Amino acid sequence: MSAAAKPHARELKSDARRERLALLGLCSPALALILVIMVIPVGWLFWLSFIGESGDFSLENYARMIDNKSYFRIFRTTFEVSVLTTAICVLIGYPLAYFLAHLPQRMANLCMIAVLLPFWTSLLVRTYAWLVLLQRKGLVNDWAIGLGLWDEPLKLVHNLSGTLIGMVHIMLPFLVLPVYGSMRAIDRDYVKAAANLGATPTQAFWQVFAPLSLPGVLAGSLIVFVLCLGFFVTPAVLGGGKVVMVSMQIANNIELFFNWGAASALGVVLLAATFAVLYAASRIVKFDQIIGGGHGGS
Amino acid sequence: MNWLNQSASETQITHKRRLWLYAFAVAVMLFLLAPTVIVMPMSFSQSQYLEFPPREWSLRWYEHYFSSPAWMLATATSLKAGFLTMLVATPLGTMAAYGLYASSMRAAGTIFLILVTPIIVPVILVAIGVFYVYAKIGMVNTLSGLVLAHSILAIPLVVVIVSSALKSFDLNQEMVARSLGANRFKAFALVTLPQIKFSVITGALFSFLTSFDEVIIAMFVSGAQNSTLTRNMFNALRDQIDPTIASISTVMIVVSSALLAATQLMGRGRKS
């Protein structure tokens, strides 16, 4: 009996294994598509970035990035714009998430529309809306002058400030949703206990609530920062050529100069920077939190 | 004002001391909503210059949009691309999410990460990479090329949304169905799918919108008679502020709000 049972068990085990592999096979069409449409083309760019003008292997595309001051400036702009956008998003998004998390569920769902509606509205439409509002004779200048905030129309668009306003507007939901999700998950009894033990509201917030909401803030700011690094449309429209991000330079290299080597090298560096940021962050935050967090509130 | 002195949270802070927070939060919500809301009335202006509130109302810019063959062609292309992307990305993404969940193998975590990388890779890289490859095989300016590239961006969203719905689903229910004689596919279609339906539909809508809103890939691989709406809008924006775009924007806002409202209403029906 027992001699017959053993191979039987082994067969069952290998059967189960085969079935699980077959189930995993359900991923293959999606994986194949991603391989053909993304991995191979991007791999090709990687290869192109090492081909010089003569058609041989060379590092000239990378050397140019170090020698040429303008490339350094583009990377610095990209980095600065991303850091500023992320910082502003945290500063104004955290209080909003806090406010929403403390509302009764029904009210919170209603107010959530303010966060979700822009999320669903075309990025281009929102960028256009800001272009209209911020122009010299636009609504913001009109009203600010009417209210006496400033005397002459300010140049709010086609520069850094316009870019930042537009980017913060587009990125804010990506921050508010995970932060809100992590705040809703906090057990309020901790705060109650802190108050009970004599903490003032300020102390209870900084010593109990804020640390507990930190994972959401980290996940949210990471996704905002990474998305900012590759941003294109908003700076291209609202920056008016004064704010040149890496992705815009890549597009210019292809559209204006047909310089595939230079564009590819920039792309490789941009991608490497993106992955480096994610890798550094993955040591602090768990990945499923970052990816799952984006839809935590919906 | 009794309410002002009531406790606002677990700590004994009063609403009065919280007023600044309420004001700030309302201001931020206005910041989020204002641009889209204000563009809508502006699109009904008679004037060449966008004003708010418009001095004279007219449907001039809507007429211009709906009677322009170029804009209509671009709109049709965008709708087709969005719809086809939805048809490609939703089944592929749902299959992948289900496979990852049901197999419960260690490799599943790694495969999940590979499936979501298109969210992280800057779109411009995908755009020029795909452009380079399509140029070699003559697929530039074709609808199928555009749809395949857009599907790459949409699949991760479907995978993430459906995966999170599956997390609360008990696979034993499928086992029951199969022990009662249903085959694997039937068990999925009759038992699992109805329970994750809401997420699959949300994923499908996101796929449609992802393609419909996408600009960068469309800029490189769509053109001629297959130029998309957003590509044409983007090109028009770089030159001047054309009020026609305000009317197109309004149409797009109304459509996406309607989709959002529809999913919210559907979501109300499901167990919370």
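**Entry 1: confidence and numbering**

I looked up chain B, and its mean pLDDT is 87, with 97% of its residues at 70 or more. pLDDT is the predictor's confidence in each residue, on a scale from 0 to 100. This is a predicted model, so I note its limits: local features need pLDDT of at least 70, side-chain atom pairs count only at pLDDT 80 or more, and totals for chains, interfaces and linings use all residues. Residues are numbered from 1 along each chain as its sequence is written, and chains are lettered from A, with ligands numbered from 1, in the order in which they are written. For the complex, the predictor gives an ipTM of 0.86 and a pTM of 0.87.

**Entry 2: chain B**

I went through the elements of chain B and found 11 helices and zero strands. Helices (H or I, at least four residues) and strands (E, at least two) are DSSP runs, numbered from the N terminus. Chain B has a radius of gyration of 24 Å, well over the 19 Å that the globule rule gives for 272 residues, so it is more spread out than a compact globule. That radius is taken over C-alpha atoms, and the rule is 2.2 Å times the number of residues to the power 0.38. I also noted the span of the C-alpha trace of chain B along its principal axes: about 70 × 70 × 30 Å.

Next I checked burial. A residue is buried if 20 or more other C-beta atoms lie within 10 Å of its own, exposed if 12 or fewer, and partly exposed in between; the C-beta atoms are placed from the backbone. In chain B, 46% of the 272 residues are buried.

I then turned to contacts. Two residues are in contact if their C-beta atoms, placed from the backbone, lie within 7 Å. Of the contacts in chain B between residues at least 6 apart in sequence, 69% join residues at least 24 apart.

**Entry 3: chain A**

Chain A has 14 helices and zero strands. Its radius of gyration is 25 Å, well over the 19 Å from the globule rule for 298 residues, so chain A is more spread out than a compact globule. The C-alpha trace of chain A spans about 95 × 75 × 30 Å along its principal axes. I find 45% of the 298 residues of chain A buried.

Chain A is divided into domain 1 (1–48) and domain 2 (69–293). These bounds come from an automatic or database domain assignment. Over C-alpha atoms, the centres of the two domains of chain A are 38 Å apart.

**Entry 4: where the chains meet**

I looked at the contact between the chains: 72 residues come from chain A and 76 residues from chain B. On the side of chain A that touches chain B, helix α2 (residues 28–48) gives the most, with 12 residues. That side of chain A has 56 nonpolar, 12 polar and four charged residues. Here Ala, Val, Leu, Ile, Met, Phe, Trp, Tyr, Cys and Pro count as nonpolar, Asp, Glu, Lys and Arg as charged, and the others, Gly among them, as polar.

**Entry 5: the cores**

A nonpolar core is a set of buried Ala, Val, Leu, Ile, Met, Phe, Trp, Tyr and Cys residues joined through C-beta atoms within 7 Å. The largest core has 158 residues, of which M171(A), V126(B), A127(B) and I128(B) touch the most other members. Apart from it lies another core of six residues, including A194(A) and V208(A). Leaving aside neighbours within four places in sequence, M171(A) is in contact with T85(A), C89(A), V224(A), L227(A) and C228(A).

Helix α12 (residues 246–255) of chain A is mostly covered, with eight of its 10 residues buried. The buried residues of α12(A) pack against α4 (69–101), α11 (233–238) and α13 (260–282) of chain A, together with α5 (123–137) of chain B.

G162(A) lies in helix α8 (residues 160–184) of chain A. G162(A) is buried, with 26 other C-beta atoms within 10 Å. From C-alpha to C-alpha, G162(A) and W130(A) are 8.0 Å apart, though 32 residues apart in sequence.

**Entry 6: two positive phi values**

Most residues other than glycine have a negative phi. I found H158(A) with a positive phi of about 65 degrees. H158(A) sits in the loop between α7 (139–146) and α8 of chain A, and it is partly exposed, with 19 other C-beta atoms within 10 Å. F258(A) has a positive phi near 50 degrees. The loop between α12 and α13 of chain A holds F258(A). With 9 C-beta neighbours inside 10 Å, F258(A) counts as exposed.
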